[in-house]
Amino acid sequence: MHTSPKPATPPISVRMQRLGPVAVVHLSGELDLATVDHVERELGDVADGVDGLVVDLEGLSFLASTGLALLARWHGRAGEQGFAFRVVAANRQVLRPIQLTALDDVLALDATVDEALVAIPRQVNR
């Protein structure tokens, strides 16, 4: 008996949410070399004209150095283009690499999306 192989689950899922002038991007799966370009394109599509961008990493099971570089690039882009950029990271799989690379000193980190959404008006109005 021959069975077809099961289709591979995508290594990353990107779900967008627009809340007025703020875009929230929820990531699930693995953010690594194989998926970073896809996430970069999705962020570029949603970031145009926003006052704030929240990247929710809580659904990630793995965060590679390419994902860390992506976050650093978007932090810089937000500063250049004048929008708030916040990262939701509370689980160990994503928070530990951020801490080990000292990106927690650079990125605006929040434990929940709700905390990030509350912080955005304060960040924009500075």
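**Close-up views of a predicted model**

**View A. Arginine 77 over tryptophan 74.** The charged end of arginine 77 sits over the ring of tryptophan 74, at 4.2 Å from the ring centre (criterion: NZ of Lys or CZ of Arg within 6 Å of the ring centre and within 35 degrees of the ring normal). This is a predicted model, in which local features need pLDDT of at least 70 and side-chain atom pairs count only at pLDDT 80 or more, while totals for chains, interfaces and linings use all residues. Residues are numbered from 1 along each chain as its sequence is written, and side-chain values use heavy atoms, leaving out hydrogens and water.

**View B. Histidine 26 in strand β2.** Histidine 26 belongs to β2, residues 22-31 (strands are DSSP E runs of at least two residues, helices H or I runs of at least four, numbered from the N terminus). With a relative accessible area of 12%, histidine 26 is buried (buried, under 20%; exposed, over 50%; partly exposed, in between; 1.4 Å probe, protein chains only). Its side chain makes a 2.8 Å polar contact with that of aspartate 56 (N or O atoms within 3.5 Å, one able to donate a hydrogen and the other to accept it; residues adjacent in sequence count only if both atoms are side-chain atoms).

**View C. Neighbours of β2.** Strand β1 (residues 12-19) runs antiparallel to β2, joined by 8 bridges (pairing requires at least two DSSP bridges). β3 (residues 52-63) runs parallel to β2, with 9 bridges. Because 7 of its 10 residues are buried, β2 is largely enclosed by the rest of the structure.

**View D. Alanine 102.** This residue lies in the loop between α3 (92-100) and β5 (108-110). Alanine 102 is partly exposed, at 34% relative accessible area.
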